[in-house]
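Hi everyone, thanks for coming. Let me put today's structure on the screen, and then I'll talk you through it.

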Amino acid sequence: MFELKRRPRRLRRTAAIRDLVRETRLSADDFIQPYFVVYGESVRNPIGSLPGQFQLSIDELIKDAKEAFSLGIKAVILFGIPNSKDSVGSETWNDNGIIQNATKALKDSIPELLVISDVCFCEYTDHGHCGVVTKTGELDNDATLLNLQKQVISHAKAGVDMVAPSGMIDGMVGAIRSALDDEGYTLTPILSYAAKFSSSFYGPFREAVDSSPQSGDRKAYQLDPANRREALREVALDVEEGADIIMVKPALPYLDLIRELKDRWDLPVAAYNVSGEYAMIKAAAERGWLDGEAAMLESLISIKRAGADIILTYFAKEAAKAIS
Ligand code: PBG
């Protein structure tokens with residue numbers, strides 16, 4: 001005879017008992033939907049490597065965001081595709097630029113929707129790097145900071161509810177905080193891409209916004225995927241400089257860091273379930289190699305279980321439907 005006192009399977013026997021002891025739950029409140037905004041009207045260009053995602057003109061963006069909002073998704077992050085690029089990305093601080101106009105239109109038609117702007121330059125520079133580049137081809141950190149200040153003020157004037165700097169520029173959070181405060185935007189939070197890795201999983205995104213560097217790569221500013229402690233130093237600096245929410249990006253290959261941020265800091269933790277993570281599941285599901293919906297929900301629950309309070313994901317609408 002066996003004398004097994006501990007039988008963990010007791011709590012897994014039926015769906016009802018599994019529901020009772022489930023530790024992590026997804027909710028539409030957790031999600032932020034990323035959008036790619038283009039000029040024009042009635043534009044809804046499918047993005048080949050991101051099935052189900054589109055480049056949207058502002059009128060189409062509003063329709064889509066209304067649908068998302070009705071599914072319970074209350075926050076969006078905007079990426080702009082400008083009509084013209086230059087060496088410094090000056091379109092980013094054009095008060096009539098694509099992000100500024102999209103923000104005004106969204107806030108007019110869905111006032112309760114939280115509009116977050118991605119704050120970077122790579123979609124707006126002709127060389128595709130995330131700021132000003134010196135003659136020798138290096139990113140000019142401090143010149144980029146001054147331009148970041150112009151960009152966030154222009155976004156704030158347009159009415160964004162939150163700004164999300166994504167360039168891994170030294171001092172970006174502090175520079176943005178002081179610019180916002182000087183102009184009276186003391187209550188505009190900063191969601192910092194605090195630990196952003198130099199990742200191959202951004203491939204589909206760069207196709208979506210045409211932002212691949214014309215030469216070189218981003219290894220001189222984005223983090224080395226091998227470095228955990230360096231990532232923590234980066235996050236510590238952003239916290240000191242005044243970040244309100246700290247983000248890890250990508251999500252799935254960096255779950256250890258999500259957990260570590262959650263344990264070390266008392267700020268909300270966000271994770272960006274990036275384009276490549278989405279594309280992999282979509283591609284495998286299209287071939288019938290895995291159950292797309294189940295894989296989506298398992299990925300998202302893993303990100304939340306690891307410690308993310310907030311998940312930026314192209315799955316937002318699909319997942320909101322699946323869990324409702
Ligand atoms: C930079 C930015 C990138 C992503 C979000 N913001 C790309 C990059 O650093 O090359 C990637 C998002 C994704 O892959 O889904 N503006």
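I'll begin with the whole chain and then stop at some individual residues.

First, some housekeeping. This is a predicted model, so please keep the thresholds in mind: local features need pLDDT of at least 70, side-chain atom pairs count only at pLDDT 80 or more, and totals for chains, interfaces and linings use all residues. Residues are numbered from 1 along each chain as its sequence is written, and side-chain values use heavy atoms, with hydrogens and water left out.

Now the overall picture. The chain has eleven helices and ten strands; these are DSSP runs numbered from the N terminus, with helices being H or I of at least four residues and strands being E of at least two. The radius of gyration is 20 Å, close to the 20 Å that the globule rule gives for 324 residues, so the chain is as compact as a globular protein of that length. That radius is taken over C-alpha atoms, and the rule is 2.2 Å times the number of residues to the power 0.38. Along its principal axes, the C-alpha trace spans about 80 × 45 × 40 Å.

How much of the chain is buried? Of the 324 residues, 52% count as buried. Here buried means under 20% relative accessible area, exposed means over 50%, and partly exposed is in between, using a 1.4 Å probe and protein chains only. As for contacts, meaning heavy atoms within 4.5 Å, residues 24 or more positions apart account for 74% of those with a separation of 6 or more.

On charge, there are 38 positive and 47 negative side chains, and the centres of the two sets lie 10 Å apart. Lys and Arg count as positive, Asp and Glu as negative, while His and the chain ends are not counted. Each charge is placed at NZ of Lys, CZ of Arg, CG of Asp or CD of Glu.

Let's move to helix H5, residues 172-182. Its buried residues are Met 172, Val 173, Ala 175, Ile 176, Arg 177, Ala 179 and Leu 180. They pack against strand S5 (114-119), helix H4 (141-158), strand S6 (162-165), strand S7 (191-196) and H7. Just after H5, Gly 184 takes a positive phi of about 90°.

While we're on backbone geometry, remember that most residues other than glycine have a negative phi, and most peptide bonds are trans. Ser 42, which is not a glycine, has a positive phi of about 50°. You'll find Ser 42 in the loop between strand S1 (31-38) and strand S2 (44-46), and it is exposed, with a relative accessible area of 54%. Asp 210 is another non-glycine with a positive phi, of about 55°, and it sits in the loop between H6 and H7. Then there is the peptide bond from Lys 249 to Pro 250, which is cis, with omega near -10°. Pro 250 lies in the loop between strand S8 (245-249) and helix H8 (255-264).

Back to the loop between helix H6 (203-209) and helix H7 (228-241), where we also find Gln 222. Is Gln 222 buried or exposed? It counts as buried, at 4% relative accessibility. Not counting residues up to four places away in sequence, Gln 222 touches Met 168, Lys 196, Phe 197, Ser 198, Ser 199, Tyr 202 and Arg 206.

My last stop is Val 76, in strand S4 (residues 75-80). Val 76 is buried, with a relative accessible area of 1%. Leaving aside neighbours within four places in sequence, its contacts include Ile 32, Tyr 35, Leu 106, Leu 113 and Val 115.

That's my tour, so please send over your questions.
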